[in-house]
Amino acid sequence: MVNITIDGKKLQVAENTTILQAARANGIPIPTLCFLEGINEVGACRVCVVEVKGMQRLVSSCNTQVREGMEILTRSEKVRTARRLNVELILSQHNMNCPTCHRNGNCELQKICANLDVDYTSYPIRYRQHPWDNTFPLIRDETKCIRCMRCISVCDKVQGMHVWDLINAGARTRVGLVQYTCTLCGQCITHCPVAALRARDDSEKVWKALSDPDKIVIVQVAPAVRTAWAEETGMPREEATPLKLAAALRHIGFKYVFDTNFGADLTIMEEGSEFLQHFGEKDKHKWPLFTSCCPGWVRFVKNEFPEFAENLSTAKSPQQMFGAMSKTYIAQKLGVDPEKIYSVSIMPCTAKKYECDVEEVNDADVGKDVDLVLTTREMGRLINADRIKTDELEEAPFDDFFGEAT
């Protein structure tokens, strides 16, 4: 054990503990911005700096280990001044158009500014924009990047894809793509503290479809969305039932609301049938047979291990199967032209947007299986934009054209 003092409080902590870990374990708050424990401990933002008696310079608490007899100050004037200065420098290279930002109200930089009482920057505001293909499901906004390197670390150390890295040096340093094999897993979006990375927003396309009298807009909801939508709408989890979600989607204007579980059943049956067929003709097929349910997984296999691409099942994913059913069976049951059906999916995955865009369609008369994919966050914004009082919603059933799903 190591004896230290933090803000006058004598503590005993284990060896090889960082100052930040020691402080947090004892209820002493130290702000952080770029820090992700075990993943990104580079001290890039300098927001977590503390003063150590006997040392002239402040040190970053996230990657400085405690030593015997160390006296640490986390709230001295020198520390407060340095933190505010560092945040002002970050703001000078950050697009601060917060009201129109997707992370407004859920932004770590915004919270840091509020906690440190930083409401301006003394430095000239200069940020740069680099071109980006905004049709791609993952959007990068260089003007909002604070170069915390979280996206780099989570892609390297957790996902192992090495898509992002620092490019150039000095004042020209920026985060950029170094590999074009992104699987659209969304981890970089999740761990970005600002809105430098986000999913492409397709909400306006939904509103346009809903207002078109010639369109029958139907929606399918993935199982994971049902358990996550409470967070986006501010509802207590125990009150955010799937049936209230169905009610909210009908309130928005969707004509029919379906559960993707039936699509999952179709996929199980199709992949199972394909396996049995291959098993009966072992010499004609490559083994093992891999599922094709997840578009992120399919992109991963094709980009990283193309020699296994032929091992992927030829079955569509649950989303695409249900989309195909909406343009065929549902259209026939309703007695309408398939072109009138506008099929929307609400999925927890950015890669589903990619799948919707590139899925090959055999029937040219029907068009795309799924016309548009929204993420859980986009759905939450739709509900909030329509001013739905979720706490007053009465439960409504999902539409049942196919019987019960397993």
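Which residue in E12 is the bridge partner of valine 219? In this predicted model, the partner is valine 344. Local features need pLDDT of at least 70, side-chain atom pairs count only at pLDDT 80 or more, and totals for chains, interfaces and linings use all residues. Residues are numbered from 1 along each chain as its sequence is written, and side-chain values use heavy atoms, without hydrogens and water.

Strand E10 (residues 216–221) pairs with strand E12 (residues 341–347) in the parallel sense over six bridges. Two strands pair if DSSP finds at least two bridges between them. Helices (H or I, at least four residues) and strands (E, at least two) are DSSP runs, numbered from the N terminus. The open sheet has four strands, in the order E11-E10-E12-E13, with parallel pairing. Strands E11 (256–259) and E13 (372–375) stand at the edges; each has a single partner strand, so one side of each lacks a neighbour in the sheet. The twist averages 25° from one strand to the next.

Helix H13 lies across E12 and E13. The axes of H10 (residues 295–304) and H13 (residues 351–358) come within 8 Å and cross at roughly 75°. Axes are lines fitted to C-alpha atoms, for helices over the stretch in contact, and angles run from 0 to 180 degrees between N-to-C directions. H10 is therefore roughly perpendicular to H13 (65 to 115 degrees). Pro295, Gly296 and Arg299 of H10 make the contact (heavy atoms within 4.5 Å) with Ala351, Lys352, Tyr354 and Glu355 of H13.

The whole structure has zero disulfides (pairs of cysteine sulfur atoms within 2.5 Å). The sulfur of cysteine 48 is 3.9 Å from that of cysteine 62, its closest cysteine sulfur, too far for a bond.

Note on methods. Parallel < 35°, antiparallel > 145°, perpendicular 65-115°, else oblique.
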